[in-house]
Amino acid sequence: EKGVIYRAEDGGETLESGSVIGMSYIVEAKNTGKPVKTNLGTIRVKWRPKGTRMEGGINVGGEDGEWCGSLPNAVGPELKFRNPEVIIESAPFDVSVVMPDRCQLGSPVKVVFKVVNRTPLQQRLSVQMEESKDNTILVDGVKEGKIDLNPREETYLRYNAVFLTPGKCRMPGMSLVSLRHGTFLMEGEKNILSLFVFPV
């Protein structure tokens, strides 16, 4: 059912008096092009009554013959929790990568990072590319430094890479950091770029 985060199945977990239930979920914001103040919706909790154990050995059916389920049309209480309000803003940067998914051993591969400043402000970025730990790749281009971007400007970081071993290989980790915002646009090991290298 659309919008249902969790539904307890028959024979599943039950809550006793004093029990605590917690939940988490992910909200995906849509790009509106301008800041929007909104709330994250409302959580509705519908309770389903639990069967009651009968005393005196009375057999009322069920798996163990000692439980009396709720009436078929029984409706438990419903609780509503309004989620907090947030301000949704467009990301200040766009980052995209152009890179083939395969190449020939020893042949140069072009890798291009496109960075777009979407703000009306001057921005400065820090660039840091990891060194190859096993010497299986040669890369030329800007590996460390600062980049200044004018408002609404886009720039390109271009690299030529030569892979020296066949198989599935990865580019060295690339980190791009906004010095104004103090946040990552790309974060090294968390943004793995890989391709398959065919032997000669």
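1. **Lining of the second largest pocket.** The lining of the second largest pocket divides into five nonpolar, five polar and four charged residues. The pocket's volume is about 240 Å³. In total, 14 residues line this pocket, and the closest to its centre are Ser90, Pro92, Arg118, Thr119 and Pro120. Keep in mind that this is a predicted model.

2. **Aromatic pairs.** The structure has two aromatic pairs. The rings of Phe113 and Tyr159 have centres 5.8 Å apart. Their planes stand at 90°, which is over 60 degrees, so this pair is edge-to-face. Phe113 belongs to strand S9 (residues 109-117). Tyr159 belongs to strand S13 (residues 154-163).

3. **Phe196 and Phe198.** How far apart are the ring centres of Phe196 and Phe198? The distance is 5.0 Å. Phe196 is partly exposed, with a relative accessible area of 37%. Phe198 is partly exposed too, at 35%.

4. **Salt bridges.** Side chains of opposite charge can pair when their charged atoms come close. How many salt bridges does a search of the whole structure find? The count is eight.

5. **Arg44 and Glu78.** The side chains of Arg44 and Glu78 form a salt bridge, with N and O 3.6 Å apart. Arg44 sits in strand S2 (residues 42-46). Glu78 sits in strand S5 (residues 78-82). This pair links distant parts of the chain, 34 residues apart. Glu78 is partly exposed, with a relative accessible area of 35%.

6. **Asp101 and Arg102.** A salt bridge joins the side chains of Asp101 and Arg102, at 3.2 Å from N to O. Are these residues buried or exposed? Both Asp101 and Arg102 are exposed.

7. **Glu154 and Lys114.** Glu154 forms a salt bridge with Lys114. Their closest N and O atoms are 3.9 Å apart. Glu154 lies in strand S13 and Lys114 in strand S9, so the pair ties together parts that are 40 residues apart in sequence. Glu154 is partly exposed, with a relative accessible area of 39%. Lys114 is partly exposed, with a value of 28%.

8. **Strands S9 and S13.** Lys114 in S9 and Glu154 in S13 meet in a salt bridge.

Key. Residues numbered from 1 in each chain as written. Predicted model: local features only at pLDDT ≥ 70, side-chain atom pairs only at ≥ 80, totals over all residues. Heavy atoms only, no water. Phe/Tyr/Trp six-rings, centres within 6.5 Å; stacked < 30°, edge-to-face > 60°. Helix = DSSP H or I, 4+ residues; strand = E, 2+ residues; numbered from the N terminus. Buried < 20%, exposed > 50% of the residue type's maximum accessible area, 1.4 Å probe, protein only. 1 Å grid on protein atoms, 1.4 Å probe; cavity = no way out; pocket = protein on both sides within 12 Å on 5 of 7 lines; lining within 4 Å. Points joined across faces, edges and corners; volume = space filled by probe spheres on them. Nonpolar A, V, L, I, M, F, W, Y, C, P; charged D, E, K, R; others polar. Salt bridge = Lys/Arg side-chain N within 4 Å of Asp/Glu carboxyl O.
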